[in-house]
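I opened this notebook to record what I looked up in the structure. The entries follow in the order in which I made them.

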Amino acid sequence: MTVPGAERATAGPDAPEGLPYHLIQLSGRPGWWRQAVGILLMIAWLALFAALLVSIPFAIWYAVRGDNVADSITALADSANPTPTSLAYIDLVLTTLIPVAILLSWMLHRVGPKWLLSVAGRVRWRWLLVCVGAAVVALIATVVVGALMPQQCDDTGGQAHLTHTAVAYLLVILVLTPFQASGEEFMFRGYLTQCLGALSRRAWVPVLLTAVVFGIFHGAGQPLPVFLSRFAFGLVAGYLVIRTGGLESGIAMHTLNNWLSLALAAIFDQMGASLNPTCNSWWSLPVTLTQSLVYLGLVVLLCRRMGVGNTTDGRILEAPRSRV
């Protein structure tokens with residue numbers, strides 16, 4: 001007997017159940033080409049279209065002010081000489097990855113957008129708060145280890161100054177960083193992980209490949225220690241999304257890391273160096289690895305203690321609600 005207004009599974013009697021996060025797309029439409037096209041479209045969006053779309057309201061604003069629109073838009077993309085406005089622009093570009101990942105997941109694979117969040121089909125808020133606490137502990141450990149390491153680079157940044165520019169930076173960082181970090185997590189640990197998992201059927205493939213792309217994504221020609229730090233970050237976040245069955249752990253670590261690093265860069269007038277690090281000191285690697293490894297250990301321990309689920313519970317494809 002069907003209850004009016006209820007949701008009904010449509011994948012058929014043999015719909016896969018108990019899927020880990022990286023295999024969720026296997027319950028969508030078949031065809032390996034869907035994953036290939038989805039990956040290409042995600043890359044094309046970020047490389048070609050996102051910046052253009054986000055620049056439109058900025059261009060209108062500059063035109064209303066009477067500024068040179070072409071020069072102002074060019075300055076927005078200059079991360080070597082950032083301003084609070086250009087930082088907001090970069091954050092908004094990365095934020096667009098959230099709706100794009102959602103659209104691709106539904107239109108190409110017919111997998112509900114909620115399954116990008118977690119195997120529970122939602123944000124597990126209690127678990128997210130626990131991960132935030134673990135991220136705070138990992139950052140404290142990072143600061144302690146950093147204080148014990150030899151001087152890592154010559155550009156120390158001088159004294160802290162809470163200027164008007166610094167305050168503007170801090171406002172942008174406070175408001176937009178969670179969306180920017182979530183955008184990257186939806187792309188790397190979300191959609192790309194599920195695409196690569198569906199193609200390979202092995203957990204290590206999306207963990208490794210998304211970590212490599214994550215490191216490269218943050219800048220060509222970056223010093224090797226910087227790349228390895230970001231690669232390690234990507235490995236930990238990629239493993240945890242599968243181990244915990246959702247994006248909460250990656251979003252928590254990514255957001256708090258960026259909050260701290262960008263806030264310090266704003267206060268010490270080092271935003272350009274923060275967005276484009278040139279420090280080639282290997283002493284920086286133990287510091288960043290401390291954060292990743294401490295966070296990894298804490299989250300795995302807490303996940304086990306709390307019994308956080310990492311597979312879907314029942315069929316995951318659902319029809320729209322009945323209008324009867």
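**Entry 1: Thr-96 and the model**

Leaving aside neighbours within four places in sequence, I found Thr-96 in contact (heavy atoms within 4.5 Å) with Trp-45, Ala-50 and Val-54. Thr-96 sits in the loop between helix H3 (84-95) and helix H4 (97-109); helices (H or I, at least four residues) and strands (E, at least two) are DSSP runs, numbered from the N terminus. I noted Thr-96 as buried, its relative accessible area being 13%. Here buried means under 20% relative accessible area, exposed over 50%, and partly exposed in between, with a 1.4 Å probe and protein chains only.

I recorded that this is a predicted model, in which local features need pLDDT of at least 70 and side-chain atom pairs count only at pLDDT 80 or more, while totals for chains, interfaces and linings use all residues. Residues are numbered from 1 along each chain as its sequence is written, and side-chain values use heavy atoms, with hydrogens and water left out.

**Entry 2: The chain as a whole**

I counted 11 helices and 0 strands in the chain. Of its 324 residues, 46% count as buried. Among contacts between residues at least 6 apart in sequence, 84% join residues at least 24 apart. I noted an accessible surface of about 16300 Å², of which 68% belongs to carbon and sulfur atoms; the areas come from the Shrake-Rupley method with a 1.4 Å probe, and for residues only the protein chains shown count as cover.

With neighbours within four places in sequence left aside, the contacts of Tyr-191 include Gln-25, Arg-34, Met-42, Leu-104 and His-109.

**Entry 3: Tyr-62**

I placed Tyr-62 in helix H1 and noted that it counts as buried, at 8% relative accessibility. With neighbours within four places in sequence left aside, Tyr-62 is in contact with Asp-67, Val-69, Ser-72, Ile-73, Leu-76 and Thr-85. Tyr-62 and Ser-72 are 10 residues apart along the chain, and their C-alpha atoms are separated by 7.2 Å.

I then turned to the second largest pocket, which holds about 320 Å³ of space. On a 1 Å grid over the protein atoms alone, a pocket is an open set of points where a 1.4 Å probe fits, with protein on both sides within 12 Å along at least five of seven lines; lining residues have an atom within 4 Å of a point. Grid points are joined across faces, edges and corners, and the volume is the space filled by probe spheres set on the points.

The lining has 17 residues, and Trp-125, Leu-128, Pro-178, Ser-182 and Ile-251 lie nearest the centre of the pocket. Helix H9 gives the largest share of the lining, 6 residues.

Glu-248 lies in helix H9 and is buried, with a relative accessible area of 3%. With neighbours within four places in sequence left aside, I listed among the contacts of Glu-248 the residues Arg-122, Arg-124, Trp-127 and Leu-128.
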